[in-house]
Amino acid sequence: MVSSQTASQSEMDAARVPLGWRDQCSALLIPLNKCRHKTLYAPWACEDERHGYEKCQYDDYMRRMKQLSAQKRAAAEAEE
C-alpha cells in the first residue's frame, strides 16, 4: 500500500499546488508535476510517478468509501 504521507504547507506553496489538490497524496503530486513540466507533458513520460499518484488516489477513495459504509451501517443499527 502506498504511504499517505502529505507534503508540508511550505512544500505545497513552493510547488504551487492548488488548494483542491492538497490531500493525502500531495507528496506524490509534486514530483509528478515536476516530471510533467520537464517532459512537456509527454503522455509516455512520468508513468511511474503517475501510477503511484493514481494508486494513492484510489486507495484514499476506497478508504473513504469504507468509512462511509461503516457510518451508514452504524446509523442504521442505531435506528433499530
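I looked up how helix 2 and helix 3 are oriented, and they are roughly antiparallel to each other (an angle over 145 degrees). Their axes, for residues 26-38 and residues 47-79, cross at roughly 150 degrees and come within 9 Å. Axes here are lines fitted to C-alpha atoms over the stretch in contact, with angles from 0 to 180 degrees between N-to-C directions; helices are DSSP runs (H or I, at least four residues), numbered from the N terminus.

I noted that the model is predicted, with local features needing pLDDT of at least 70 and side-chain atom pairs pLDDT 80 or more, while totals for chains, interfaces and linings use all residues. Residues are numbered from 1 along each chain as its sequence is written, and side-chain values use heavy atoms, without hydrogens and water.

I then listed the contact (heavy atoms within 4.5 Å): helix 2 contributes Leu28, Leu29, Leu32, Cys35 and Arg36, and helix 3 contributes Glu49, Arg50, Gly52, Tyr53 and Cys56. I sorted these residues into six nonpolar, one polar and three charged; Ala, Val, Leu, Ile, Met, Phe, Trp, Tyr, Cys and Pro count as nonpolar, Asp, Glu, Lys and Arg as charged, and the others, Gly among them, as polar.

Technical notes. Helix = DSSP H or I, 4+ residues; strand = E, 2+ residues; numbered from the N terminus. Parallel < 35°, antiparallel > 145°, perpendicular 65-115°, else oblique.
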